[in-house]
Amino acid sequence: MVKDEAFSGGKGQGNPYLGAIKDALPQEEVNTHALQRYDSTNDTTVLSLYRYGARHAAQFLPQPETGETILEIGSGTGDSTLELFLKYPGVDFNILGIEQSQGMLAVAQYKFHHEDGENVMAAEPNEQVQSFWNAFRQESESYQGRVQFVNDDFLTTTSLDKEAYKSAVAIQVMHWLDSGEKGKDLTSALSRFSEFIKPEGSLLWTTSSHYFNDKKFPTLEYNCRYNDFFKFVLEEVSHSYAVNGVEQLPQPKQNLESVQAASRAAGMETTQLTTRMNEFDLQTLVSFHTPRIVRSLLKEPDNVDDSELQKVTKAAVQKAIGNIYDGTLSDTKHIHDIVPVFMSVKK
Ligand SMILES: C[S@@+](CC[C@H](N)C(=O)[O-])C[C@H]1O[C@@H](n2cnc3c(N)ncnc32)[C@H](O)[C@@H]1O
């Protein structure tokens, strides 16, 4: 396995780890800042952004019956899987996780004691990440025999039984299934869930503000990428490259009405249960989103050398980080991802 696969499962796939941050900032600096943030929550475990999100969503999971198997789509590295178990520690239920990325799945298998981890450890020499995984293994130990992870694409898999699950879960996955690529739209995705869910069964799911425009907290007004941090970075980059304004970024494609219409077309009824203002992790913004957003806003992207652009972006980010810590950048309105939580019930 190549190194980045341990984090992301390959190009363009989810990245809930520290790994790629190394490209943006000196690791030591990042660790210090990251730990400061986590410490301020008084949490002794370094919980990732995804883990917090999954813990919140799991609060809405209907109580499973003894022996029931919950279908989890896009189980990633197992963070959300563990949170589902932790919601009902006294109930003896199972989880079947379907994950398309071999790299993510390998990490999940290590974290749930299904593999000895030789490969993932070799691919990830960062000791902080390793200790994070090892701490997770202590928490997951008693659940290891109740979860099965399958490496497959949910949209095309033939390994699932029809109408077999009373409860399905997809945490931070729907925007992948409605990516606009051929056959990937919300009605098709929900129809697919409907195929495997029993009548009256339900799907619990969450997504992000780059995809869903919340009524109370519209993306353009609240989303983290419009904060003064990003504006500062863009301003710095504009000294070297011609860039468009943030208003040129694609807007979220769904709102509550469109989600409900797509659900009805798929034979489901969807309710938005709540909205969570998720304080967006600076590391994730810096390492994962900022370089991509900067690139997508270039006026003439074709003639730009990637490594030169990365250098300019990195320097801009470092300057911006300095300004956050000395108080010059102090916007606290736009530091969130706005996370809606939905329940779709099969009619
Ligand atoms: C943002 S991650 C969330 C992971 C996990 N649910 C969590 O909350 O930590 C989204 C995951 O969905 C997976 N995914 C996307 N499309 C998928 C598909 N068609 N079939 C299976 N997994 C998929 C990705 O590979 C990625 O691991």
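1. Helix α12 spans residues 256-265, and its buried residues are V259, A262 and S263. Helices are DSSP runs of H or I with at least four residues, strands are E runs of at least two, and both are numbered from the N terminus. A residue is buried if 20 or more other C-beta atoms, placed from the backbone, lie within 10 Å of its own. Seen down the axis, the buried residues of α12 fall within an arc of 105°, so they line one face of the helix. The arc is taken over the directions from the helix axis to the C-beta atoms. After α12 comes G267, with a positive phi near 80°.

2. This is a predicted model: local features need pLDDT of at least 70, side-chain atom pairs count only at pLDDT 80 or more, and totals for chains, interfaces and linings use all residues. Residues are numbered from 1 along each chain as its sequence is written.

3. Helix α9 (residues 186-196) buries L186, A189, L190, F193, S194 and F196. They cover an arc of only 165° around the axis, which puts them on the same side of α9.

4. Overall, the protein chain has 14 helices and seven strands. Of its 347 residues, 40% count as buried.

Technical notes: Buried ≥ 20, exposed ≤ 12 C-beta atoms within 10 Å, placed from the backbone.
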